[in-house]
Amino acid sequence: MKQPPKLADKLLRFFLSDDRLEEVLGDLHEEYHWQVSRVGERRACWQYWRDVIGFLKPFAVKRKPVNGTQGFPRFADHSMTFFPNPIMLRNYFSIALRQLWKNPLFSGLNIVGLTVGLAVSTFIALYVWHEFHYDRFEPFANRTYRIVSASKYGENEVSFPQLHQSFGSEVKRQIPEVDEVVRFSNGFGDVVLQSDQNHRFKETNVGYADASIIPVMGLEFLYGNPKTALSEPGRIILTRQLAEKYFGDRNPVGKSLTFDKHFPLTVSGVLDDLPTNSVIQFNGLVSLSSMPTLGDRQRHIYENAGFLSTYLVLRPDARVSDIEKKLVTVKAGIKFIDMSARYYLEALPTLHLDARGAPGDSRQSLYILLTVALVILTLAIINYISLTTARATKRSREVGIRKAIGGQRSELIGQFFLESFLTTTLAFALSLALLQALFPWANHALDLQMDNRVLAQGPYWRLMLGLWLICSLLAGGYPALLLSGFRPALVLKGSTNWRQSGVGIRRVFTTVQFTASIGLLICSLVLYTQMRFLRTKNLGLNRSQVVALQIDNEMIPQFTGLRNAVRQWAGEENVATTNAKLFTDNIMIYFQNTEKTKRQLMVYALTVDKRFFDMMGIQWKYSPLGWEKGIVTRELTIYNQTVLNEADIKGNPLQQAAPFKGQTTDGVVADFHVKSLRGLPTPMMLTVVSDTNRSILANGGYLLVRLNPHTNVPDALDQLKKIYDQARPTVPFDYYFLDDAYNKLYAKEERLMRLFNGFTALTLLVACLGLLGLMTFSVEVRTKEIGVRKVLGASVGGIVLLLSKDFLKLVLLAILIASPIAWWAMNKWLQSFAYKIDIAWWVFALAGGLAVSIALLTISFQSIKAALTNPVKSLRSE
């Protein structure tokens with residue numbers, strides 16, 4: 001006769017108590033023999049295992065031994081489990097759902113608060129994770145390094161991440177520990193691309209690279225052969241977006257694309273969208289070997305300039321310090337090198353945040369954001385705990401009765417944890433939907449470099465699940481321990497001490513919430529005030545309403561006619577010319593030694609025409625001789641005041657030797673800024689020329705036009721475009737506003753201000769949700785007290801004050817705590833600016849006033865409603 005699986009029987013004997021074991025085994029064996037005759041032995045065994053497992057409670061543990069007769073241990077006559085059985089779980093779920101449905105206001109406040117906290121903290125955590133994981137996906141990321149050259153200029157060491165094209169090839173030839181070399185440049189400004197007459201545009205970030213960039217950086221192709229895409233001259237690969245712009249949905253491989261108006265290139269590949277967390281970004285890549293064939297300017301740069309970021313893939317056993325020492329010896333065959341330079345290797349994954357010469361506060365800003373995310377999530381959890389403990393204490397009689405009839409504290413803890421789990425699960429699902437819906441908008445509004453792909457990656461889901469689990473445990477822990485600890489004897493006798501349970505901790509929670517909200521509000525006000533100060537401070541030149549038209553170097557024959565037409569339209573005094581794009585990094589820099597002090601200065605150099613000074617409102621300290629009388633007949637050299645100070649030139653500089661050897665001083669202007677106000681004015685040299693065509697437009701330049709303050713800007717730009725097009729230009733109409741370029745210098749601060757504004761609003765929202773819930777609960781608890789006071793003659797105002805004063809005291813305490821902390825944090829942040837505001841007293845007064853006003857608005861509705869309630873209803877017996 002066939003017998004059931006012995007292992008299954010042993011499992012039952014281990015878990016089941018003796019008084020149940022014989023009966024259960026008998027029934028199971030009888031069922032097994034009947035199933036053998038009906039469906040066969042194999043299927044009967046599977047059915048037997050299912051039946052055995054069905055008799056086991058979830059998360060069952062081995063029964064505890066107790067002292068038996070004659071000194072032998074035996075097991076207790078009941079099974080022990082960490083969690084209740086399925087029937088009890090269903091009961092707990094029913095109770096939890098009933099509680100959510102019965103108290104819609106408190107349930108809604110809890111769920112909304114947790115939803116906002118989870119969604120916002122997850123978004124910030126995603127951004128921080130994105131920033132900290134730059135360039136970790138490349139196949140050789142752990143052994144890929146960028147070469148940086150560092151040279152001493154005066155007292156400063158200046159780093160240059162761009163090297164001559166010959167350096168990389170010589171490194172690979174001379175250093176055997178180098179497996180591969182990648183040379184990359186993201187281009188030299190705008191370039192015109194054209195596929196046909198209807199598709200001709202200016203593009204940015206069209207760069208150059210070796211063929212080795214494809215396997216080393218793990219570039220993924222949609223079309224084309226990765227092995228040959230950049231292996232020959234005359235080839236270009238495009239990103240998906242650029243390929244669709246010029247060729248639509250068709251495969252463009254093999255088609256021609258005209259580069260820089262004259263040079264046909266063959267499209268050899270189309271790349272999938274590049275990862276946003278990579279320092280290597282481009283819209284198109286031209287094979288590096290094509291550069292000498294793309295015109296005189298490109299050939300000159302290729303032969304004489306340091307323009308390539310050079311990456312080395314080292315062998316696994318290579319030591320970085322040894323390679324750095326060998327780089328100094330790589331000189332033979334190199335046409336362009338600073339013999340005194342030192343070389344450093346920077347690991348590819350560290351370039352985004354820790355590269356030499358990069359802003360030092362990038363990592364600090366991420367830690368600040370991560371801290372803010374943690375604060376918001378903590379406030380949401382505190383809000384949940386505060387409202388839950390306040391509301392759930394009304395269930396004390398339920399707890400007392402269940403304990404009186406034998407309920408265990410562990411079972412009550414499990415029930416309250418389950419209710420927390422249900423609430424956080426609903427909030428978790430809503431936060432997922434909210435984040436998915438608002439991600440594109442938030443990403444664009446905050447100018448963050450992320451795309452939707454991060455929402456489909458493993459770290460995002462692990463983060464969400466981790467936050468969900470943490471919120472469930474933290475939010476349910478304190479309420480579960482508090483409520484399950486009620487003593488049934490006191491509760492069932494009608495003791496009211498339970499009403500005060502958790503009052504102290506709720507006051508602490510409310511104070512913490514408003515402390516964080518007021519602190520962020522103060523920070524937001526300081527950020528706004530500093531940014532307003534930077535935008536309105538006099539830079540030494542007037543950038544308002546100035547539009548810069550880019551002039552291509554091939555437009556020299558048309559330039560004079562174009563400039564005269566623009567002067568006639570805008571007024572002769574409102575038009576000037578310069579060779580550089582102001583308020584950007586595209587300004588020429590020279591390193592020169594002063595004659596008197598022997599200091600080496602980093603000097604910004606501009607080439608301008610005579611009208612530049614009056615049109616831009618630049619003040620003269622010493623104007624050139626005959627400046628007001630006639631036109632410029634020779635090149636004039638003008639310095640700013642900082643150059644004279646660094647060169648220790650006092651008195652009239654026109655009567656003294658020039659600051660630099662071999663040059664003259666034709667005039668001096670007051671300091672003006674063409675960079676951000678984080679630093680002091682930089683030394684500057686301006687060359688004033690008469691022949692703008694030859695001197696300014698040799699490599700392209702800009703026509704500066706000041707618009708009338710009352711002009712309709714879109715209409716004015718349309719008219720400028722018509723004037724520009726009448727000159728039959730070689731490139732499409734392109735312009736930028738000086739105000740916009742200046743504001744972009746503070747993009748990081750602008751982003752920080754937007755984030756703080758958003759965080760402040762969210763923390764205030766969460767704090768007010770908690771305050772509203774606590775006020776509602778306070779009114780419910782004190783309903784009869786309010787009725788008695790009204791019967792005895794209390795006024796509406798007195799009752800409102802009675803209900804509100806305790807909460808307002810907490811808000812005032814939060815102001816006192818938050819103010820010094822916010823002052824310290826923002827004063828430290830302001831130290832990075834050479835020009836900064838003083839944090840005035842009114843910032844704290846305004847933040848405190850706003851916080852008190854918002855708190856009053858939050859609690860006034862419930863308090864006034866309670867004060868106006870008919871006392872007969874309040875005192876009616878239940």
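A: E22, E23, D27, E30 and E31 form a negative surface patch. Asp and Glu count as negative here, Lys and Arg as positive, and His and the chain ends are not counted. Patch residues have over 30% relative accessible area and no salt bridge; like charges are joined within 9 Å, and nonpolar side chains (Val, Leu, Ile, Met, Phe, Trp, Tyr) within 5 Å. A salt bridge puts a side-chain nitrogen of Lys or Arg within 4 Å of a carboxyl oxygen of Asp or Glu. The place of a charge is CG for Asp, CD for Glu, NZ for Lys and CZ for Arg.

The model is predicted: local features need pLDDT of at least 70, side-chain atom pairs count only at pLDDT 80 or more, and totals for chains, interfaces and linings use all residues. Residues are numbered from 1 along each chain as its sequence is written, and side-chain values use heavy atoms, with hydrogens and water left out.

Now take one member of the patch. E23 sits in helix α2, residues 18-39. Helices are DSSP runs (H or I, at least four residues), strands are runs of E (at least two), and both are numbered from the N terminus. E23 counts as exposed because its relative accessibility is 56%. Exposed means over 50% relative accessible area, buried under 20%, and partly exposed in between (1.4 Å probe, protein chains only).

For contrast, turn to T144. This residue belongs to strand β5, residues 144-153. Its relative accessibility is 1%, so T144 counts as buried. The T144 side chain reaches the backbone oxygen of F140 at 2.5 Å.

Note on methods
Areas by Shrake-Rupley, 256 points an atom, 1.4 Å probe, with all protein chains shown as cover. Polar contact = N/O pair within 3.5 Å; in protein donor to acceptor, adjacent residues only side chain to side chain.
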